[in-house]
Amino acid sequence: MENYQELRKLVELSSNIVFFGGAGTSTESGIPDFRSAQGLFETQRGSRHAPEEMLSRDFFLSEPEEFYRFYRTHMIHAQAEPNAAHQALALLEKEGRLKAVITQNIDGLHQKAGSERVLELHGSVHRNYCMDCRKFFSLEAVLQAEESVPHCDACGGIIKPDVVLYQEGLDEEILSAAAEAIIAADMLIVAGTSLRVYPAAGLIRYYSGSRLVLINKSATPYDSSANYLVQDSIGKVLSTMAGDAGPQV
């Protein structure tokens, strides 16, 4: 659909909106997604190790130097800024309409834009911990480490990013909070995700309302379930949806 007037009206009628987004939410900030033709998994497919392998827990433990080389180069985008989509969501939350942002991204751009209730299913590059003593380290500490593999200055243990790698499970508390938010939502906006990676993709099944908006440039397994299917810029669509909605009273 190209006329978003109806979507703006839905926002005005809603008081418990939940947003569920994936890598496509941040592509307009210059961060590549994973599974599109220009995504990380395709552009790095000819490497000695597949991206999925390098982003696995086994690879992190066995080849930490190679992991960190790939991770620093391709997974950290410290200079990226929030785009129109992030800003529109922060505005909707400020107005009292948006109750939660559920994200598969690890870039922290939702928080940088001003969103406060952000459920990060896959963790964040901004949180890092010593695997031995659990001391916290910032992203800056990891980037400024003189060693190729950063080590804890307290005990010498290896520092691991607080991101969910392949072979690792999602945080059950965050997953449960995301499910509860979607169950309570009167409007669910899903954007920038292939909806092919589980268990995150399965969250959409918790929504039983009639205001499911799916914004994605490529087809997903849930297209037929959407009440409104949009193939356009996420920033453009969300800015339009948020722009005319007055404060919720």
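Guide: Helices here are DSSP runs of H or I with at least four residues, strands are E runs of at least two, and both are numbered from the N terminus. The model is predicted, so to speak of local features takes pLDDT of at least 70 and side-chain atom pairs count only at 80 or more, while totals for chains, interfaces and linings use all residues. Numbering starts from 1 along each chain as its sequence is written, and side-chain values use heavy atoms, with hydrogens and water left out.

Let's start at His110, which sits in helix α7, residues 109–113. His110 counts as buried because its relative accessibility is 2% (buried is under 20%, exposed over 50%, partly exposed in between, with a 1.4 Å probe and protein chains only). Skip the neighbours within four places in sequence, and His110 still has contacts (heavy atoms within 4.5 Å) with Phe19, Thr25, His86, Leu89, Val101, Thr103, Ser115 and Val118.

Phe19 belongs to β1 (17–21), while Val101 and Thr103 belong to β2 (98–103). Those two strands run parallel and are joined by five bridges (strands pair if DSSP finds at least two bridges between them). One such link is Val18, whose bridge partner in β2 is Ala100.

Zoom out, and β1 and β2 belong to an open, parallel sheet of six strands, ordered β3-β2-β1-β7-β8-β9. The edges are β3 (118–120) and β9 (228–230): each has a single partner strand, so one side of each has no neighbour in the sheet. From one strand to the next the twist averages 15 degrees (axes are lines fitted to C-alpha atoms, for helices over the stretch in contact, and angles run from 0 to 180 degrees between N-to-C directions). Packed on this sheet is helix α1 (5–13), which touches β1, β7 (187–191), β8 (212–215) and β9, and its direction makes about 125 degrees with that of β9.

For contrast, there's also an open sheet of three strands, β5-β4-β6, with antiparallel pairing. Its edge strands are β5 (136–137) and β6, each pairing on one side only. Two bridges connect β4 and β5, and Asn128 has Phe137 of β5 as its bridge partner. Helix α5 (64–74) packs on this sheet, touching β4 and β6, at about 45 degrees to the direction of β6.
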